Amino acid sequence: MLDDRGRIIELGSQERCFTPQQRRAITLRDGGCLIPGCSVPASWCEIHHVIPDTDGGPTHPDNGVLVCWFHHRSIETSGWGIRMHRGVPQIRPPVWLDPGGGWRNATKSPTRIADRLERRSGPAA
């Protein structure tokens, strides 16, 4: 279940690896690799711990995002920033790409994009 902000509610695990149920929930929320311009679909993505497991980051959808293999391996050196804000992933572009870039909500989920557009335009007539 997602709340009205897109946050996944209660689906934690004591293991380091994300469970199949968590992967389905994160896929519903993210829709594919979160890095803008990357077209890798969710089925080919890995789940990245935003706060690393070695630093005490939980294996919970509030701490996992979909990224492709390339972005997962290069996230620490690429300049892209990923954080979670109230259970919703946010992306910050590298300084060389967008010098004044700030944090922005990230999703490629068709359902969440449609919901966002509907909220902006109001209810359908």
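Is Thr 107 buried or exposed? Thr 107 is buried, with a relative accessible area of 14%. Buried means under 20% relative accessible area, exposed means over 50%, and partly exposed lies in between (1.4 Å probe, protein chains only). The views below start from this residue.

The model is predicted, so local features need pLDDT of at least 70 and side-chain atom pairs count only at pLDDT 80 or more, while totals for chains, interfaces and linings use all residues. Residues are numbered from 1 along each chain as its sequence is written, and side-chain values use heavy atoms, with hydrogens and water left out.

**View A. Thr 107 and the backbone of Arg 29.** Thr 107 sits in the loop between strand S5 (104-105) and helix H3 (110-121). Helices (H or I, at least four residues) and strands (E, at least two) are DSSP runs, numbered from the N terminus. A polar atom of the Thr 107 side chain lies 2.7 Å from the backbone oxygen of Arg 29.

**View B. The salt bridge of Arg 29 and Asp 30.** A salt bridge is a side-chain nitrogen of Lys or Arg within 4 Å of a carboxyl oxygen of Asp or Glu. The whole structure has 3 salt bridges. In this one, the side chains of Arg 29 and Asp 30 meet at 2.6 Å, N to O. Arg 29 is buried, at 0% relative accessible area. Asp 30 also counts as buried, at 0%.

**View C. The salt bridge of Glu 46 and Arg 73.** Here the N to O distance is 2.7 Å. Glu 46 belongs to strand S1 (residues 46-49) and Arg 73 to helix H2 (residues 69-78), so the pair ties together parts that are 27 residues apart in sequence. Glu 46 is partly exposed, with a relative accessible area of 23%.

**View D. The salt bridge of Arg 104 and Asp 98.** The two side chains meet at 3.0 Å, N to O. Arg 104 is partly exposed, at 43% relative accessible area. Asp 98 is partly exposed as well, at 26%.

View E. A disulfide is a pair of cysteine sulfur atoms within 2.5 Å. For Cys 33, the nearest cysteine sulfur is that of Cys 38, 3.7 Å away, and Cys 33 is in no disulfide. Cys 33 is buried, at 0% relative accessibility. Cys 17 is exposed, with a relative accessible area of 52%.

Terms used
Polar contact = N/O pair within 3.5 Å; in protein donor to acceptor, adjacent residues only side chain to side chain.
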